[in-house]
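Hi,

Here is the structure I said I'd pass along.

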Amino acid sequence: MTVKVAPSLLSADFSCLGDEIKRIEDHGADWIHLDVMDGHFVPAITIGPVVVKSLRPQTELFMDAHLMVSKPENHIESFVKAGANLITVQAETTAHLDRVLRGIKDLGAKTGVALNPATPPSVLEYVWSLLDLVLVMSVNPGAGGQEFIPTVFPKISYIANQIRSRDLSTELQVDGGINRHNGPDIVRSGATVLVAGSAIFKAEDGMSLIGELKNSGQ
């Protein structure tokens with residue numbers, strides 16, 4: 001199995017995002033992961049749809065927007081119009097998960113739900129048919145450069161089994177503290193998409209990690 005790698009632009013050099021995207025494209029990145037934070041659900045504030053719109057003409061890579069925001073339903077349309085291909089919402093941010101996911105599909109984008117480390121996968125029970133992706137957060141959201149929380153391994157395995165048992169094509173993404181040491185174990189647990197930020201953009205040999213992670217399932 002070839003794993004998809006989605007470098008997180010949160011750790012890129014924001015003074016030259018176009019060049020940073022070109023670098024990850026040249027090294028085989030599959031997706032671009034966009035960490036959207038609102039200063040409310042998480043303390044940090046990052047990018048909005050204006051940035052996504054400015055980046056869209058510069059790449060044909062799949063854009064994966066992870067909305068770490070309160071009331072995501074108020075922001076989904078603007079990110080889809082800006083060019084995001086997939087919208088992931090945090091399960092903890094809405095009381096109407098079914099409605100939000102249906103709204104994303106109505107706009108023509110793919111759907112994802114993210115689960116914080118302490119959020120049980122049972123919240124997905126009645127929305128499986130609407131899911132193109134499940135994102136397991138392996139750090140608490142809000143900042144890059146955190147260490148992987150190993151207690152999420154059983155959750156990754158459980159969700160992977162749920163996807164297989166239901167014969168779904170849903171992607172299983174993991175985000176937080178991923179590096180060349182834990183990447184293979186995460187893939188063996190069932191992940192199909194790996195998000196990495198600091199390990200790719202901040203390390204001296206970080207770009208080579210993209211290829212290593214892509215091949216970690218072989």
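Asp 205 is partly exposed, with 43% relative accessible area, in this predicted model. The side chain of Asp 205 forms a salt bridge with that of Arg 180, at 3.7 Å from N to O. That pair ties together distant parts of the chain, 25 residues apart: Asp 205 sits in the loop between H7 and helix H8 (207-214), and Arg 180 in the loop between strand S7 (171-175) and helix H6 (183-188). Arg 180 is partly exposed too, at 28%. Glu 212 joins Arg 180 and Asp 205 in a network of salt bridges.

There are 11 salt bridges in the structure. One of them pairs Asp 185 with Arg 188 at 2.4 Å, N to O; they are three residues apart in helix H6, so about one helical turn separates them. Another runs between Lys 81 and Glu 77 at 3.0 Å, both in helix H3 (residues 76-82). Lys 81 counts as exposed at 67%, while Glu 77 is partly exposed at 40%.

The largest one holds about 340 Å³ of space and has 27 lining residues, with Gly 144, Gly 145, Asp 175, Gly 176 and Gly 177 nearest its centre. The lining splits into 12 nonpolar, 12 polar and three charged residues.

As for packing, the largest nonpolar core has 61 residues, and Ile 87 and Ile 200 have the most contacts inside it. A second, separate core has 10 residues, including Leu 86 and Val 139.

Cheers

Notes
Residues are numbered from 1 along each chain as its sequence is written. This is a predicted model: local features need pLDDT of at least 70, side-chain atom pairs count only at pLDDT 80 or more; totals for chains, interfaces and linings use all residues. Side-chain values use heavy atoms; hydrogens and water are left out. On a 1 Å grid over the protein atoms alone, a cavity is a set of points where a 1.4 Å probe fits but cannot get out, and a pocket is an open set with protein on both sides within 12 Å along at least five of seven lines; lining residues have an atom within 4 Å of a point. Grid points are joined across faces, edges and corners, and a volume is the space filled by probe spheres set on the points. Ala, Val, Leu, Ile, Met, Phe, Trp, Tyr, Cys and Pro count as nonpolar, Asp, Glu, Lys and Arg as charged, and the others, Gly among them, as polar. A nonpolar core is a set of buried Ala, Val, Leu, Ile, Met, Phe, Trp, Tyr and Cys residues joined through side-chain atoms within 4.5 Å. Buried means under 20% relative accessible area, exposed over 50%, partly exposed in between (1.4 Å probe, protein chains only). A salt bridge is a side-chain nitrogen of Lys or Arg within 4 Å of a carboxyl oxygen of Asp or Glu. Helices (H or I, at least four residues) and strands (E, at least two) are DSSP runs, numbered from the N terminus.
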